[in-house]
Amino acid sequence: MTTIAFTNDKSPSQVLGYAGGTITVLIWATWFLVTRHSAATPLGSIDIGLIRFGIPALVLSPVWLKTGLLPKALPLHLLAIMVSGSGAIFFLLTTLAIHSTPAASSGILLGGSMPLAAALIGIALFRERPDGTRIAGLVAIVAGVLILLTRSLADASLPWTSFVLLPSGAILWASYTHAFRRSGLTAVQASALIAVWSFLIMGALALVFGISLPEATLQEIGLQVLSQGVLSGLVAMVAYGTAVRTLGGTQAAAFTALTPVLATLGGGLLLGEAIGMTEISAAVITGIGVALSTGIATPRR
């Protein structure tokens, strides 16, 4: 007879991986709120990007100076996928969408799509075979996104770009997840390389389009420094890399689907965004999906 039980025999590395995934989710929920808030400030995407990647690039400079900008043992295509998937391109794409999308909806469309994209890539390219519990979790995640989509189509509450840019960002992040796992880099090394290359890209864009940093208050800049640079750009990247390295790409990506629940609550409590039963239902169903997708509940015979 088969029963579903919560296992307590996790190895130390798995515990570390779960801790990394949890830290990532908590920081990401804050990132959604702070990025959404930045739409009401003079700071543009390039300004925030310079902060987001400049701080970790500086802090981790000893790491990327040691590995070099183009490590010999790292295939160039994996580096390109990692930088675009979690660095400058991902950031610009998602920031643009989040500025015009409520935090709750952003959390569902991006955070909810990430584990699905990671699972599909794993199945299609790497022949991963998720068990029934994880499949049920992925189905729940899709259901949560579909609930939000149905509501949006009914009342035209979200711009169509939200349904294009945010899932596209999810695909980029999922691609980074699998590329990093196969790169041979440590979480710190990957974070350092992604940060420095993304900062260089942002710097080039700043030279072409200019910046608005001088127009922002010190309080606004300080908030972005803490949330974007220190927490999201540095701590979360290392934490997520640790989760990928110890749990695997698909399982680590599943943690990101917890973000919608926290983003929904934060959007209502901190940003005053309207939250109805549709948003709450979608967030809860998505949260249940991630609990199953992470493999915390595993079949035991």
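Predicted model: local features only at pLDDT ≥ 70, side-chain atom pairs only at ≥ 80, totals over all residues.
Let's start with the aromatics. Searching the whole structure turns up 12 aromatic pairs. Take Trp28 and Trp31 as one of them: their ring centres are 5.4 Å apart, the planes are at 50°, and that makes the pair tilted. Where do these two sit? Both are in helix H1, residues 12-37, and they're three residues apart, so about one turn of the helix. Are they buried or exposed? Trp28 has 4% relative accessibility and Trp31 has 1%. The cut-off for buried is under 20%, so both tryptophans count as buried.

Now hop over to helix H9, residues 162-181. Tyr176 and Phe180 are both in there, four residues apart, again about one turn of the helix. This pair is stacked, with 6.2 Å from centre to centre and 25° between the planes. Tyr176 is buried, and Phe180 is buried as well.

And here's how those two pairs come together. Trp28, Trp31, Tyr176 and Phe180 belong to one aromatic cluster, along with Phe32, Phe90, Trp173 and Tyr240.

Arg245 lies over the face of Phe180, 4.5 Å from the ring centre. Then there's Arg182, whose charged end sits over the ring of Phe126, at 3.5 Å from the centre.

Back to H1, then, and what it packs against. H1 and helix H13, residues 259-269, have their axes 9 Å apart and pack at about 40°. The crossing is right-handed. Which residues meet there? From H1 you've got Val25, Leu26, Trp28, Ala29, Phe32 and Leu33, and from H13 Thr259, Leu262, Ala263, Gly266 and Gly267. You'll spot Trp28 and Phe32 in that list, and both of those are in the aromatic cluster too.

Last stop, Leu205, which is in helix H10, residues 187-209. What does Leu205 touch, leaving aside neighbours within four places in sequence? That would be Ile46, Leu92 and Gly210. Ile46 is 159 residues away along the chain, yet the C-alpha atoms of Leu205 and Ile46 are separated by 7.1 Å.

That's it from me, thanks.

Conventions. Residues numbered from 1 in each chain as written. Heavy atoms only, no water. Phe/Tyr/Trp six-rings, centres within 6.5 Å; stacked < 30°, edge-to-face > 60°. Helix = DSSP H or I, 4+ residues; strand = E, 2+ residues; numbered from the N terminus. Buried < 20%, exposed > 50% of the residue type's maximum accessible area, 1.4 Å probe, protein only. Lys NZ or Arg CZ within 6 Å of the ring centre and 35° of its normal. Axes fitted to C-alpha atoms, helices over the stretch in contact; angles between N-to-C directions. Left-handed = near helix turned anticlockwise from the far one by under 90°. Contact = heavy atoms within 4.5 Å.
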